[in-house]
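Subject: The structure I promised you

Hi,

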Amino acid sequence: MVLVFALFGASSAASSHSRVETPSRVIAVGDLHGDFEAWRNILLASGLADSEGEWTGGDAVLVQMGDIADRGPDSLKIIRDLQRLEKTAPVSGGRVIVLLGNHEAMNVIGDLRYVHPGEYVAFTDKRSKRRREATWRANREAIEAAYAALDPPLDADQAKARWFAETPLGMLEHRRAWKPGGELGLWAAQLPAIVRISGVLFAHGGLSIERSTESIDAINARIRAAMEPGEAIDRSVIEDPLGPLWYRGNLLRPAADDMRMPIEEELAQILAHFGAQRLVVAHTPSLKGITESAGGRLIRIDTGISRYYGGPQSYLELIGTRAIAHTRDGDGEWQSRELAAASLEAAQ
């Protein structure tokens, strides 16, 4: 199996725009949303790591499909684990690829609606309380003015109480790390939105016909540019409902969307454009487990792994032309199911 993907940025995995490897297998893991226990269970069950979290996957390739952040408390622990494995896996010939999910992008641009309180706690240190007090003092006048402009307005004491309630300890540090140009902002910016491993495409949300007219390199570069620091940066591409971070149209079509081409026709055109035979997506939870459609050409692997959703833990294994769905049942046992075969010979 030939591995070809485009990456950008300063990390070791992004040192060139394309690499060619011959992995024995590919393991794809869907949205984790801050559930570290589920993440480690999957690593162990897939044979990619031992009980201590050390890489045992040999020359396998791990593709984590994005949406590590939000909804659960331990997103930072998972990110640190992935960053560590990204460095250690190549010693055995393996590779770790993390895709950019819409929730990572949301954190970068300051959309914090789904941040779990535990995610702020993870960023606290012994100076967090003093740092928050200093931030209040430095910005007091502007903060009081903003709350005074509310309807109904808040007085100075009410404004302070409200600001402290809305700024939990760790939030300032979380925002500093995730903002464009921050440590995690830079990390997220170098994550690809799309990768192609042999004849298989991987994208967090999906691929629309409208946004699939360029090369993978060009699409990834456009999204990366939108996450760079700067006040004048156009960030609309990372909030685009037809873009690879958000698109659900490979799976779902609202009734009002009857003007779009049929799902299978769109999928066929996208696969032909990228010279691929399969598309693997996450983003849209399927609590009944990993599903396939279009004769195995589309595989959906977000099974609501995190405790927030309560779905089953799962991972997809690709070995040559075979695709195997692995799902943990209610008794904690892992069950395996072979998915429809799809010939990848034409894409290699």
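This is a predicted model: local features need pLDDT of at least 70, side-chain atom pairs count only at pLDDT 80 or more; totals for chains, interfaces and linings use all residues.

**Helix pairs**

Two packed helices are described by the angle between their axes and the distance between the axes.

Start with α1 (residues 36-46) and α2 (residues 75-88): their axes cross at roughly 30 degrees and come within 9 Å. α1 and α2 are therefore roughly parallel to each other. The crossing of α1 past α2 is right-handed. If you want to look at the contact itself, show F36, W39, R40 and L43 on the α1 side, and K77, I78, D81, L82, R84 and L85 on the α2 side. Sorted by class, the residues of this contact are six nonpolar and four charged, with no polar ones.

Next, have a look at α5 and α6. Their axes come within 10 Å and cross at roughly 125 degrees, so α5 and α6 are oblique to each other. This crossing is right-handed. From α5, the contact takes in R132, E133, T135, W136, I143, E144 and Y147, and from α6 it takes in A156, A159, K160, R162, W163, F164 and E166. By class, that contact of α5 with α6 has seven nonpolar, one polar and six charged residues.

S128, R131, R132 and T135 of α5 meet L172, E173 and R176 of α7. The residues in this contact split into one nonpolar, two polar and four charged.

**A cavity**

How many cavities of 30 Å³ or more does the structure hold? There are two. I looked into the second largest cavity, which has a volume of about 40 Å³. You can find it by selecting its lining: S128, R131, R132, T167, P168, L169, G170, M171, L172 and E173. α5 (128-148) and α7 (171-178) each give at least two residues to that lining. By class, the lining of the second largest cavity has four nonpolar, three polar and three charged residues.

Most residues other than glycine have a negative phi, and most peptide bonds are trans.

Which residues does a cis peptide bond join? Look at D151 and P152, where omega is about 5 degrees. P152 sits in the loop between α5 and α6 (156-166).

The other spot is R71, in the loop between β3 (61-64) and α2. Phi of R71 is near 75 degrees, a positive value in a residue other than glycine.

Send me any questions once you've had a look around.

Cheers

Note on methods
Residues are numbered from 1 along each chain as its sequence is written. Side-chain values use heavy atoms; hydrogens and water are left out. Axes are lines fitted to C-alpha atoms, for helices over the stretch in contact, and angles run from 0 to 180 degrees between N-to-C directions. Helices (H or I, at least four residues) and strands (E, at least two) are DSSP runs, numbered from the N terminus. Angles under 35 degrees count as roughly parallel, over 145 as roughly antiparallel, 65 to 115 as roughly perpendicular and the rest as oblique. A crossing is left-handed if the near helix is turned anticlockwise from the far one by less than a right angle, and right-handed if clockwise. Contact means heavy atoms within 4.5 Å. Ala, Val, Leu, Ile, Met, Phe, Trp, Tyr, Cys and Pro count as nonpolar, Asp, Glu, Lys and Arg as charged, and the others, Gly among them, as polar. On a 1 Å grid over the protein atoms alone, a cavity is a set of points where a 1.4 Å probe fits but cannot get out, and a pocket is an open set with protein on both sides within 12 Å along at least five of seven lines; lining residues have an atom within 4 Å of a point. Grid points are joined across faces, edges and corners, and a volume is the space filled by probe spheres set on the points.
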